[in-house]
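User: Could you walk me through this model, starting with how the chains meet? I have the sequence and the structure open.

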Amino acid sequence: MTSATPLAGYSYAYLDAQTKRMIRRAILKAVAVPGYQVPFGSREMPLPYGWGTGGIQLTAALIGRDDTLKVIDQGADDTTNAVSIRAFFQRTAGVKTTTRTEEASLIQTRHRIPETPLQPGQILVYQVPIPEPLRWLEPRESETRRMHAWAEYGPMHVKLYEDIARHGEIAVSYAYPVMVEGRYLMSPSPIPKFDNPKLHRSPALQLFGAGREKRIYAIPPYSDVRSLDFQDHPFRIEPHGHACALCGSTDSFLNEVVMDDTGKRMHVCSDTDYCTTRRDHLEQGEAAE
Amino acid sequence: MYVSVTGGERAIAAAHRQLGQARRGDPAIPELSIAQIKAQMTLAVDRVMQEGSLHDPDLAALAIKQARGDLVEAIFLLRAYRTTLPRFGTSEVVKTAAMRVTRRISAIFKDVPGGQVLGQTFDYTHRLLDFSLMDEAEGQGQEEEASRRAAEAVPHPMPGIAAVLDGESLLEAPGDADAGDGAAVADLTRRPLEFPAGRDLRLQALARGDEGFLLALGYSTQRGYGNNHPFVGEIRQGSVAISLVPEELGFPIEIGEIELSECEMVNQFAGAPGKPPQFTRGYGLAFGENERKAMSMALVDRALRARDLGEPVDGPAQDEEFVLYHADNVEAQGFVQHLKLPHYVDFQSELDLVRSIRARFADSDHDGEGEQA
């Protein structure tokens with residue numbers, strides 16, 4: 001790097017140029033083969049494995065000086081790990097950060113897709129703990145890679161069928177498996193299945209990084225993403241029947257908050273930006289009246 | 001009011017402050033210096049360099065200091081630094097036969113060419129706490145004497161034990177992975193693991209692997225989970241020269257010297273159809289004085305060769321994917337500890353799901369009540 005870097009002794013955005021190039025190549029391959037897990041030479045990062053190293057490497061390989069970065073964990077900008085990752089890129093890349101979904105050019109996320117619809121040109125980077133959707137059915141990577149090559153996804157359908165036989169419904173509430181462009185079975189990372197419809201034909205580029213497992217995969221903009229289901233048991237999201245106690249939203253994902261030790265609960269939006277924006281609008285509306 | 005989701009930033013800053021204070025401890029006690037750690041905690045430094053995959057005693061000592069003595073954390077720190085370093089070449093194959101030996105033992109021959117040299121080892125100490133070390137001034141003379149003697153390398157050349165058995169073809173020839181100069185060596189820090197893994201890749205993964213994990217796996221082979229009848233053919237410790245061929249020169253130059261521990265296991269092999277019985281090898285190599293690691297590595301290396309040697313693969317130590325995917329403590333500690341991160345959203349989804357299933361269960365239970373009675 002010839003130009004000054006924000007953190008002395010380290011490259012811009014931490015990773016060296018060759019590593020970034022290697023990751024960008026993996027990204028291009030991932031975009032070319034939607035849903036396919038591309039092995040990549042994942043590096044050790046100064047944050048622990050399992051805490052977002054895959055997402056961080058994607059972000060580091062993508063982030064430019066003009067980017068605006070948003071980092072969320074559980075939908076919130078102020079959870080500790082989101083704060084820590086955002087601070088990492090402020091420190092190593094000196095980029096502008098935001099909590100506003102629509103202002104961000106790059107959003108790194110753990111376990112959620114923002115409620116505010118994404119726009120063309122935005123990139124959503126997911127942190128992925130276990131990229132392999134077949135892992136719980138087959139522990140061996142050599143075998144699951146073969147299953148993907150042959151599109152041998154019967155065992156997954158059998159598992160879902162057995163859930164229905166046993167529980168009356170598919171007992172998968174997050175990391176709900178999807179088919180991408182009718183070819184590759186893919187894990188959307190542990191987002192709640194509530195978020196699955198947002199994967200489908202999203203105008204944003206969605207990239208998934210698994211650092212410890214050394215895989216990158218992608219859903220290019222406007223791709224078909226179908227959540228697995230059966231004709232007589234179509235994929236659906238049960239309404240939770242609550243409203244956010246802060247902004248009143250009934251159609252966002254709500255977290256249950258325990259209020260006291262008598263079991264009193266309240267429900268609040270997991271997406272803090274969405275919730276805050278709604279509250280601001282409500283206040284403005286009231287002020288106007 | 002609901003406040004638990006805010007304040008993450010301040011909480012982190014406060015935690016870092018507390019960590020700094022906890023690391024320093026009582027300010028009335030003098031601060032540990034890097035030089036002290038490097039000189040007096042040498043085995044910790046060696047382990048951190050080994051599993052951190054970086055030979056740099058100063059940085060390893062710094063990592064140990066910064067990690068408050070937590071070696072896995074120190075390994076993590078060193079790895080995170082190592083990953084930023086440029087690669088400017090690959091060294092020539094290290095010639096351990098030409099090692100300036102400080103310790104060298106064989107368990108398969110009473111005497112060997114070059115002799116048995118115990119060197120600085122805990123092996124035959126009685127593990128009695130030496131209370132004289134409590135008094136810092138007291139042990140001074142002894143320590144100086146010990147370190148002076150430890151530094152004395154054994155002068156005469158010592159051929160490897162393998163060479164002794166080679167004459168009768170009793171020991172298998174070194175495999176492809178030992179082919180030497182010119183052969184491209186796999187590097188899992190640059191390319192993700194692929195299976196089946198070559199022996200070079202396996203050895204690299206084992207060299208970086210957690211000592212405790214490999215110790216337990218090696219031990220399990222001794223207890224019947226993939227037994228391969230190991231003998232310590234030879235363990236040697238000492239310094240070797242590192243040579244490199246710079247592109248612009250085209251011939252090797254010595255760039256320095258490092259300390260290594262090497263273990264050559266000799267294992268039984270029943271033979272195969274059309275092949276007379278022959279001893280097989282397991283190999284371990286580690287930075288510094290890291291004998292337990294080198295031995296564990298050699299046991300597991302041999303166990304992982306089961307498939308190549310046509311042996312049944314039924315013990316965990318023989319299972320390549322199991323061993324290689326779980327040996328790295330930086331990966332393992334990260335993923336285990338990520339469970340501390342919030343999982344509100346997933347747990348919320350599970351709550352909703354369990355409630356829904358329970359509701360359905362209650363309904364159907366109600367239906368079946370008459371039949372049960």
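**Chain contacts, cores and helix packing**

Analyst: In this predicted model, 50 residues of chain A are in contact with 40 residues of chain B, where contact means that C-beta atoms, placed from the backbone, lie within 7 Å. Local features need pLDDT of at least 70 and side-chain atom pairs count only at pLDDT 80 or more, while totals for chains, interfaces and linings use all residues. Residues are numbered from 1 along each chain as its sequence is written, and chains are lettered from A and ligands numbered from 1 in the order in which they are written.

User: Which element gives the largest share of the side of chain A that touches chain B?

Analyst: That is α3(A), with 4 residues; the elements giving two or more residues to this side are α3 (80–93), α4 (141–149), β11 (254–258) and β12 (265–269) of chain A. Helices (H or I, at least four residues) and strands (E, at least two) are DSSP runs, numbered from the N terminus.

User: And how do the residues on that side divide by class?

Analyst: There are 18 nonpolar, 18 polar and 14 charged residues on the side of chain A that touches chain B, with Ala, Val, Leu, Ile, Met, Phe, Trp, Tyr, Cys and Pro counted as nonpolar, Asp, Glu, Lys and Arg as charged, and the others, Gly among them, as polar.

User: Switching topic, how many residues has the largest nonpolar core?

Analyst: It has 110 residues, and those with the most contacts inside it include Ile63(A), Leu207(A), Val48(B) and Val300(B). Such a core is a set of buried Ala, Val, Leu, Ile, Met, Phe, Trp, Tyr and Cys residues joined through C-beta atoms within 7 Å, and buried means that 20 or more other C-beta atoms lie within 10 Å of a residue's own. Helix α10 (residues 291–304) of chain B gives the most to this core, namely 8 residues.

User: What is Val48(B) in contact with?

Analyst: Leaving aside neighbours within four places in sequence, Val48(B) is in contact with Ala60(B), Ala63(B), Ile64(B), Leu71(B), Ala74(B), Ile75(B) and Leu78(B).

User: Last one: at what angle do α1 and α2 of chain A cross?

Analyst: The axes of α1 (residues 17–32) and α2 (residues 53–62) of chain A cross at roughly 105° and come within 9 Å; axes are lines fitted to C-alpha atoms over the stretch in contact, with angles from 0 to 180 degrees between N-to-C directions. The two helices α1(A) and α2(A) are therefore roughly perpendicular to each other, a label that covers 65 to 115 degrees. In this packing, Lys20(A), Ile23(A), Arg24(A) and Ile27(A) of α1(A) meet Gln57(A), Leu58(A), Ala60(A) and Ala61(A) of α2(A).

How values were computed
Contact = placed C-beta atoms within 7 Å. Buried ≥ 20, exposed ≤ 12 C-beta atoms within 10 Å, placed from the backbone. Parallel < 35°, antiparallel > 145°, perpendicular 65-115°, else oblique.
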